[in-house]
Amino acid sequence: MKKTDKKLDRQITETLTEVCDMLLDQYQGFEWLTHTVKFSAFPTSLKVVCIFENDAQLTGLVLHKEDVYIQNLIIHKLQQQGIKLQTKQVVFDSETRCEAQHNGNWAKRLK
């Protein structure tokens with residue numbers, strides 16, 4: 001990883017940590033978030049994954065359009081850092097889905 005990529009990744013991580021702390025306070029069932037990126041195709045390769053405990057929580061989130069709020073929050077916070085992100089680059093997942101489909105192996109699931 002190039003020095004500039006490391007700096008950018010650190011900036012993304014710090015911003016998403018701030019968002020994560022906000023979401024932990026606001027949403028029951030929200031567990032954590034992470035990102036994946038290939039810097040050779042940045043920013044279109046950047047993907048932010050928000051993980052909830054179970055699918056029922058995700059369904060409720062979508063029904064109340066809270067997913068849109070979370071997507072916009074992430075996009076706005078990253079945009080403040082000069083990083084452009086599209087709504088489709090922020091996705092939602094659950095611990096129960098990972099457990100059922102990848103035996104709880106998030107590294108494998110996120111590839």
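This is a predicted model: local features need pLDDT of at least 70, side-chain atom pairs count only at pLDDT 80 or more; totals for chains, interfaces and linings use all residues.
Keep one idea in mind as you go. Side chains of opposite charge can pair when their charged atoms come close. How many salt bridges are there to visit? The count comes to 3.

**Stop one: E18 and K77**

Select E18 and K77. They form a salt bridge, and their closest N and O atoms are 3.0 Å apart. Now show the helices. E18 sits in helix α1, residues 3-26, and K77 in helix α3, residues 66-79. The pair therefore ties together parts that are 59 residues apart in sequence. E18 is partly exposed, at 39% relative accessible area. K77 has 16% relative accessibility and counts as buried, because buried means under 20%.

**Stop two: D55 and R97**

Move on to D55 and R97. Here is another salt bridge, with the closest N and O atoms 2.9 Å apart. D55 belongs to helix α2, residues 55-63, while R97 belongs to helix α4, residues 95-102. So this pair links parts 42 residues apart in sequence. Are these residues buried or partly exposed? D55 is partly exposed, at 32% relative accessibility. R97 is partly exposed too, with a relative accessible area of 30%.

**Stop three: D93 and R109**

Finish with D93 and R109. Their side chains meet in a salt bridge, at 2.6 Å from N to O. Look for a strand this time: D93 lies in strand β3, residues 90-94. R109 lies in helix α5, residues 106-110. The pair thus ties together parts that are 16 residues apart in sequence. Check the surface again. D93 is buried, and R109 is buried as well.

Definitions and conventions:
Residues are numbered from 1 along each chain as its sequence is written. Side-chain values use heavy atoms; hydrogens and water are left out. A salt bridge is a side-chain nitrogen of Lys or Arg within 4 Å of a carboxyl oxygen of Asp or Glu. Helices (H or I, at least four residues) and strands (E, at least two) are DSSP runs, numbered from the N terminus. Buried means under 20% relative accessible area, exposed over 50%, partly exposed in between (1.4 Å probe, protein chains only).
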